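Thanks for coming. Please look at the structure on the screen, and I will go through a few local details of it.

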Amino acid sequence: MAKKKKISINQLTKAFYKKQGSVTALDDISLTINEGEFVCLVGPSGCGKTTLLRILAELEKPSVGGFTIATEGKGRPLQSMVFQERGIIPWLTVEENVAFGLKMRHLPKETIEERTSYYLKKTGLDKFSRLFPKELSGGMKQRVSIARAFANDPEILLMDEPFAALDEQNKFILQEELLSIWAETRKTVLFITHSIDEALLLGDRILLMSSQPGKIIREIKVDMPRPRKIEDIRENPEMAAQFIEIWKHLQEEVQRSRKEEN
């Protein structure tokens with residue numbers, strides 16, 4: 001059975017124009033992401049990864065080219081974006097944050113309560129539902145962001161380094177929670193990360209980007225069966241080889257970028 005295309009990006013270029021001239025952030029990006037696929041985007045800092053997500057979230061417009069998202073019908077949001085931090089509304093409680101998107105869509109009260117309750121429990125937040133963001137740790141705030149994104153039932157999830165600011169223990173816990181929810185929902189996910197371990201743990205495919213201007217220059221398919229554990233990633237010889245391949249790519253791109261700056 002042929003896989004259904006969910007996101008199609010065609011020759012997309014993005015330039016930012018300033019008084020001193022222009023800067024090309026993305027150059028001729030073309031790729032396809034299938035429905036239910038978990039794709040990780042890895043590249044050096046400043047290569048345009050976040051710009052690509054912002055374009056897909058319709059927060060930026062491409063300069064050339066474009067993209068399409070295969071929709072499943074009316075009434076559902078096209079995409080939800082989860083940021084590294086500052087993604088939740090400070091004057092709303094945990095429960096109100098998770099329910100926010102559902103309320104904005106004017107869904108029935110019973111549906112809002114049911115979905116909100118389910119994802120609060122799924123992310124271990126049900127005991128903290130009445131708290132405000134200022135009363136939460138960084139890891140709990142990211143749990144709220146993830147719960148809200150899944151509760152809103154979007155077509156695709158765009159995740160911009162959501163765990164980058166967390167300590168290792170919280171990061172591992174949230175990665176497992178994310179994978180657990182994703183296994184149930186099979187959302188199409190495009191996930192930015194600087195962590196090679198994280199990309200190998202989460203992704204079906206890893207797309208490697210060049211330094212600025214950002215291009216997709218290599219694709220790595222992660223064949224290890226799910227569910228995966230971080231210890232599996234580090235002990236498996238094939239995964240170790242892929243880790244080194246990605247690390248060398250990042251090293252080469254950073255070095256190339258520095259030579260061009262000089």
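His 106 is exposed, at a relative accessible area of 70%; exposed means over 50%, buried under 20% and partly exposed in between, with a 1.4 Å probe and protein chains only. This is a predicted model, in which local features need pLDDT of at least 70, side-chain atom pairs count only at pLDDT 80 or more, and totals for chains, interfaces and linings use all residues. Residues are numbered from 1 along each chain as its sequence is written, and side-chain values use heavy atoms, with hydrogens and water left out.

His 106 sits in the loop between helix H2 (94–104) and helix H3 (109–122). Helices (H or I, at least four residues) and strands (E, at least two) are DSSP runs, numbered from the N terminus. Most residues other than glycine have a negative phi, and most peptide bonds are trans. His 106, not a glycine, has a positive phi of about 60 degrees.

Glu 161 also has a positive phi, near 45 degrees. Is Glu 161 buried or exposed? Glu 161 is buried, with a relative accessible area of 15%. Its place is the loop between strand E6 (156–160) and H5.

Next, the peptide bonds. The one from Gln 212 to Pro 213 is cis, with omega near 0 degrees, and Pro 213 is in the loop between strand E8 (205–209) and strand E9 (216–221). Arg 226 and Pro 227 are also joined by a cis bond, with omega about -5 degrees. Pro 227 is found in the loop between E9 and helix H7 (230–235).
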